[in-house]
Amino acid sequence: MNTLKIAIQKSGRLSEDSLKLIKECGIKFSNGKGKLKAVADNFPIEFLFLRDDDIPGYVEDGVADLGIVGENVLVEYDNDVKLVKKLGFSKCRLSIGVDRNWDYKNIKDLDGKSIATSYPKILGNYLKKNNINAEIHEISGSVEIAPSIGLADAVCDIVSSGSTLLSNGLKEADVIMRSEAVLISGKNLSAEQEKTLNQLLFRMESVQAGKSNKYILLNAPNDSIDEIINLLPGMKSPTVLPLAMEGWSSLHSVVKEDEFWEVIEKLKEAGAQGILVAPIEKMIV
Ligand code: PRT
Ligand code: ZN
């Protein structure tokens with residue numbers, strides 16, 4: 001059997017982007033609302049829709065072969081699974097939050113204090129590593145209200161924009177870990193399942209490469225072409241086509257999203273004109 005079962009969060013912050021990634025990989029399935037399972041029409045994969053906290057355990061037990069979870073959940077539950085790939089979405093931090101008037105200097109300030117969290121393991125390890133003796137209050141939700149109701153001196157919670165801390169009179173004082181969605185797998189996939197996984201990874205990598213690059217077209221006088229080729233090495237080398245106007249060419253290449261603005265400046269200085277930039281849907285590297 002080459003079919004893989006992948007566990008995806010049923011509803012929550014990971015769900016939408018996980019399904020978007022699957023769709024961008026060209027995998028089609030009908031996801032009826034409230035369904036717990038679905039089967040893809042055009043790829044050997046089945047979906048299980050679960051709570052995120054249960055996903056690493058199900059993958060370890062082999063109920064699912066793959067899963068998409070936040071790295072924070074993966075590290076906290078510490079199941080015997082493999083981290084296959086970081087997926088680049090649902091980025092957040094697990095941070096210490098304290099009263100905004102607290103003149104907090106560093107983690108040593110937490111010695112002898114109490115901290116409310118849903119991540120007792122990650123926090124415990126962090127405190128131990130820093131030789132801090134603090135009391136951990138494990139609570140499962142609404143961690144951020146703990147200081148104001150006198151339950152704890154500080155919190156250790158997931159932070160994204162920081163507005164939840166802010167609206168509870170807290171500030172982000174220390175970052176304990178950075179997290180993003182990750183693809184995990186069990187350790188006992190069959191050779192055929194490994195093959196399916198590699199096909200899936202190939203597709204995910206093509207989608208990610210497409211997102212981190214842009215397609216660029218420009219016109220340039222022929223005597224600038226060498227300089228422009230140095231700025232835009234492309235996947236192998238740029239395409240250069242003659243324009244109808246004598247002495248000019250059109251150049252097509254790709255540019256990395258995060259180098260984009262810097263490169264554009266240099267291209268203009270080198271004499272490029274009529275620069276067009278377009279998104280890339282998939283890029284096979
Ligand atoms: O029901 P289920 O158990 O499946 O879901 P859940 O409620 O446990 O998880 P969910 O959907 O809230 O989050 C799933 C994953 O998304 C987390 O494990 C993180 O990896 C990731 N993620 C990214 C976040 C956030 N951003 C986030 N902002 N998880 C939670 N938050 C919460 C945080 O707990 C706090 O209450 O949002 C608040 C802080 O956000 P800001 O923007 O105000 O700082
Ligand atoms: Zn959860």
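**The shell around ligand 1**

In this predicted model, the shell around ligand 1 has 5 nonpolar, 10 polar and 5 charged residues.

Me: Which residues come nearest to ligand 1?
Reply: The shell holds 20 residues, and Arg13, Asn72, Ser161, Gly162 and Thr164 come nearest.

Me: What makes the pair formed by serine 161 and ligand 1 a polar contact?
Reply: A polar contact requires N or O atoms within 3.5 Å. A polar side-chain atom of serine 161 lies 2.6 Å from an oxygen atom of ligand 1, so the pair qualifies.

Me: How do you know that aspartate 52 and aspartate 53 qualify too?
Reply: For aspartate 52, a polar side-chain atom is 2.9 Å from a ligand 1 oxygen. For aspartate 53, a side-chain N or O atom is 2.8 Å from an oxygen of ligand 1. Both pairs therefore meet the 3.5 Å cut-off.

Me: How much of ligand 1 does the protein bury?
Reply: Ligand 1 taken alone exposes 840 Å², of which the protein buries 78%.

Me: Which elements supply at least two residues each to the shell?
Reply: They are helix 3 (71-77), strand 9 (154-159) and helix 5 (163-167). Strand 9 gives the largest share, 3 residues.

Me: Why is ligand 1 said to lie between domain 1 and domain 2?
Reply: Domain 1 (4-90 + 180-210) and domain 2 (92-179) both give residues to its shell, so ligand 1 lies between them.

Terms used
Residues numbered from 1 in each chain as written. Chains lettered and ligands numbered in written order. Predicted model: local features only at pLDDT ≥ 70, side-chain atom pairs only at ≥ 80, totals over all residues. Heavy atoms only, no water. Near = heavy atom within 4 Å. Polar contact = N/O pair within 3.5 Å; in protein donor to acceptor, adjacent residues only side chain to side chain. Areas by Shrake-Rupley, 256 points an atom, 1.4 Å probe, with all protein chains shown as cover. Helix = DSSP H or I, 4+ residues; strand = E, 2+ residues; numbered from the N terminus. Nonpolar A, V, L, I, M, F, W, Y, C, P; charged D, E, K, R; others polar. Domains from an automatic or database assignment.
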